[in-house]
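Work through the exercises below with the model open beside you, and try each task before you read its solution.

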Amino acid sequence: MHTVAVLSLKGGVGKTTVALGIASAALRRGTRTLVVDLDPQGNATTSLDPPYTDATLADVLETPTRETLERAIAPSVWSEDVDVLVGTEELELLNDPDADSERLANFSRALDELHRTPLRETPYELVILDCPPSLGRLTKSALVAADSALIVTEPTMYAVAGAHRALEAIEKIRKELNPDLRPIGVLVNKLRVRSYEHQFRIAELRENFGSLVMPTAITDRLAVQQAQGACSPIHEWHSPGAQEIALTFNMVLAKILRSNRAGRHRIAGEDAEGPDWPEGPAPETPEAPDTPAEVSESAG
């Protein structure tokens with residue numbers, strides 16, 4: 001079972017879009033997946049539309065037992081192969097910025113329980129943690145429990161600064177609480193390929209993060225909002241723009257599954273792998289004919 005935290009310390013960059021895109025790619029691949037909605041806004045839960053549960057992630061964080069997990073996990077409307085650990089607004093009450101290490105470890109204990117005794121006959125192969133855009137107990141708990149972390153950013157000045165803070169947070173948790181945690185990449189979302197500002201920021205990201213920056217980006221497409229509004233996996237939304245983005249998420253998922261590393265939730269027998277993305281500018285992605293992205297000609 002590989003656990004990946006999807007995070008950014010700036011809001012509005014599309015973390016949930018990326019988390020759901022990875023889950024959609026996993027569904028298409030046949031990888032049994034659990035999506036954990038740590039964001040008090042609950043957008044991942046809304047999009048996956050599970051049936052009502054009488055417990056939520058808030059209960060799991062306080063009481064990380066199998067019984068609580070069974071009450072808080074439900075199948076998504078997408079498929080029985082994609083489950084949801086249901087989020088709630090009440091998570092905000094638990095998002096203490098100064099939580100001690102004992103409380104931060106509760107979520108990892110819950111995942112340990114899932115790893116030891118799966119809820120169903122087929123265990124989870126992938127757990128996706130959709131984190132809130134803040135560095136409180138929720139994001140820290142995710143990083144303590146995760147095997148890897150994927151940083152999501154927009155190609156804008158403030159989002160690039162947020163990516164820096166996220167990488168610093170990952171390194172701090174790795175040193176202090178989870179030595180097996182590793183960043184597996186920085187994924188650019190909402191890219192407008194003809195925007196000079198966006199190309200400038202991508203060059204800035206590559207200068208600062210090097211090979212951690214993924215060579216493909218998620219372009220700004222209306223299809224993403226359409227699929228989410230319909231509670232549909234992006235892989236099942238049939239438009240050229242959606243299929244282009246689906247292919248990108250396939251590549252992101254492949255990188256995640258190749259990056260399994262020694263750790264409490266690592267799939268047995270798989271070798272660690274370092275970043276293997278090439279240096280250089282991000283390749284331009286052709287515009288889809290049905291929903292062309294808005295173009296900004298600003299150079300900053």
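**Exercise 1.** At what angle do helix 6 and helix 7 pack, and how far apart are their axes?

*Solution.* Begin with the setting: this is a predicted model, in which local features need pLDDT of at least 70 and side-chain atom pairs count only at pLDDT 80 or more, while totals for chains, interfaces and linings use all residues. Residues are numbered from 1 along each chain as its sequence is written, and side-chain values use heavy atoms, with hydrogens and water left out.

Next, locate the two elements: helix 6 covers residues 106-116 and helix 7 covers residues 137-145, where helices (H or I, at least four residues) and strands (E, at least two) are DSSP runs numbered from the N terminus. They pack at an angle of about 45 degrees, and their axes are 8 Å apart; axes are lines fitted to C-alpha atoms, for helices over the stretch in contact, and angles run from 0 to 180 degrees between N-to-C directions.

Now classify the angle: under 35 degrees counts as roughly parallel, over 145 as roughly antiparallel, 65 to 115 as roughly perpendicular and the rest as oblique. Helix 6 and helix 7 are therefore oblique to each other.

Finally, look at who touches whom, with contact meaning heavy atoms within 4.5 Å. Helix 6 contributes Asn106, Phe107, Ser108 and Leu111, and helix 7 contributes Arg137, Ser141, Ala142, Val144 and Ala145. Sorted by type, the residues of this contact are five nonpolar, three polar and one charged, where Ala, Val, Leu, Ile, Met, Phe, Trp, Tyr, Cys and Pro count as nonpolar, Asp, Glu, Lys and Arg as charged, and the others, Gly among them, as polar.

**Exercise 2.** Determine how many of the residues of helix 7 are buried.

*Solution.* Recall the cut-offs first: buried means under 20% relative accessible area, exposed over 50%, and partly exposed in between (1.4 Å probe, protein chains only). Applied to helix 7, this gives nine buried residues of nine, so that the helix is mostly covered. Among them are Arg137 and Lys140.

**Exercise 3.** Describe how helix 8 and helix 9 are placed relative to each other.

*Solution.* Helix 8 (residues 157-176) and helix 9 (residues 196-209) have axes that come within 10 Å and cross at roughly 20 degrees. That makes helix 8 roughly parallel to helix 9. On the side of helix 8 the contact is made by Met157, Val160, Ala163, His164 and Leu167, and on the side of helix 9 by Glu197, Arg201, Glu204, Leu205, Asn208 and Phe209. These residues divide into six nonpolar, two polar and three charged.

**Exercise 4.** Is Lys10 buried or partly exposed, and which residues does Lys10 contact?

*Solution.* Lys10 lies in the loop between strand 1 (2-7) and helix 1 (15-29). With 24% relative accessibility, Lys10 counts as partly exposed. Leaving aside neighbours within four places in sequence, Lys10 is in contact with Pro133, Glu154, Tyr158 and Ala159. Lys10 and Thr153 are 143 residues apart in sequence, yet their C-alpha atoms are 8.1 Å apart in space.

**Exercise 5.** Decide which stretch of the model has a pLDDT below 50.

*Solution.* The protein has a mean pLDDT of 85, and 86% of its residues reach 70 or more; pLDDT is the predictor's confidence in each residue, from 0 to 100. Over residues 266-300, however, the pLDDT is below 50, although this stretch has 86 contacts in the model beyond near neighbours in sequence. Where pLDDT is low, the predicted coordinates should not be read in detail.
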